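Hi there,

I promised to send this one over once I had been through it.

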Amino acid sequence: MTTQTTTAWPAGVIARYLTVGGATVDVTHQLTVHNPPEPYATLAACSGCPASSEHSHHRLVWGMTVQREEHHPEAATRDARAWAQSHAETCRAMPKP
């Protein structure tokens, strides 16, 4: 019989993916220095290797004559989760001791 232990996720982690090598890829929000702090990007970072990917919550939308910036945190989180899952499927790095 095998016993599996789980540890609490670090504060701020909104998603976690297990890599092939046993490390984790954590998805977190990057916060501004404003008071109160607000998320400006979603970050996916591997704990076994230096790979990471930051996805901005702000997107440029091009019109016929002007461009504008729109706030899309859901799209950034979706993109960060997709990157994290893809990285976790192929990363063979062991967790750092």
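Below are my notes on the sheet, the helix, the core and a few side chains.

Please keep in mind that this is a predicted model.

**The sheet**

Let me begin with the strands. Four of them form an open sheet in the order β1-β2-β3-β4, and the pairing is antiparallel. The edges belong to β1 (13-18) and β4; each has a single partner strand, so one side of each is left without a neighbour in the sheet. From one strand to the next, the twist averages 20 degrees.

The hairpin of β1 and β2 has 5 residues between the strands, and in it Gly 22 takes a positive phi near 100 degrees.

**The helix and the core**

Helix α1 (residues 73-90) lies across β1, β2, β3 (39-46) and β4, and runs at about 20 degrees to β1.

Which residues make up the largest nonpolar core? There are 12 of them: Ala 15, Tyr 17, Val 25, Val 27, Ala 44, Cys 46, Cys 49, Ala 80, Ala 84, Ala 88, Cys 91 and Ala 93. Two or more residues come from each of β1, β2, β3 and α1, with α1 giving the largest share, 3 residues.

Not counting residues up to four places away in sequence, Ala 80 touches Val 27, Thr 42, Ala 44 and His 55.

Is Ser 53 buried or exposed? Ser 53 is found in strand β4 (residues 52-56), and it counts as buried because its relative accessibility is 14%, under the 20% cut-off. Its side chain makes a polar contact with the side chain of His 55, at 2.9 Å. Leaving aside neighbours within four places in sequence, Ser 53 is in contact with Thr 42, Leu 43, Ala 44 and Trp 83.

**Salt bridges**

The charged side chains gave me a few things to show you. The count comes to 4 salt bridges.

One of them joins Asp 26 and Arg 16, whose closest N and O atoms are 2.6 Å apart. This pair links distant parts of the chain, with Asp 26 in strand β2 and Arg 16 in strand β1, 10 residues apart. Asp 26 counts as buried at 14% relative accessibility, while Arg 16, at 24%, counts as partly exposed.

Another is between the side chains of Arg 59 and Asp 79, at 3.2 Å from N to O. Arg 59 lies in strand β5 (residues 58-62) and Asp 79 in helix α1, so this pair ties together parts that are 20 residues apart in sequence. Both ends are partly exposed: Arg 59 has a relative accessibility of 27%, and Asp 79 has a relative accessible area of 28%. There is also a network of salt bridges here, linking Arg 59, Arg 78 and Asp 79.

Arg 68 forms a salt bridge with Glu 70 as well, and their closest N and O atoms are 2.8 Å apart. Here Arg 68 is partly exposed at 45% relative accessibility, and Glu 70 is partly exposed with a relative accessible area of 24%.

**After the helix**

A last stop is Lys 96, which lies in the segment after α1. With a relative accessible area of 61%, Lys 96 is exposed. Where does Lys 96 make contact, leaving aside its neighbours within four places in sequence? Its contacts are with Ser 47 and Gly 48. Lys 96 and Ser 47 are 49 residues apart in sequence, and their C-alpha atoms are 6.9 Å apart in space.

Best wishes

Notes
Residues are numbered from 1 along each chain as its sequence is written. This is a predicted model: local features need pLDDT of at least 70, side-chain atom pairs count only at pLDDT 80 or more; totals for chains, interfaces and linings use all residues. Side-chain values use heavy atoms; hydrogens and water are left out. Helices (H or I, at least four residues) and strands (E, at least two) are DSSP runs, numbered from the N terminus. Buried means under 20% relative accessible area, exposed over 50%, partly exposed in between (1.4 Å probe, protein chains only). A polar contact is a pair of N or O atoms within 3.5 Å; within protein, one must be able to donate a hydrogen and the other to accept it, and residues adjacent in sequence count only if both atoms are side-chain atoms. Contact means heavy atoms within 4.5 Å. Two strands pair if DSSP finds at least two bridges between them. Axes are lines fitted to C-alpha atoms, for helices over the stretch in contact, and angles run from 0 to 180 degrees between N-to-C directions. A nonpolar core is a set of buried Ala, Val, Leu, Ile, Met, Phe, Trp, Tyr and Cys residues joined through side-chain atoms within 4.5 Å.
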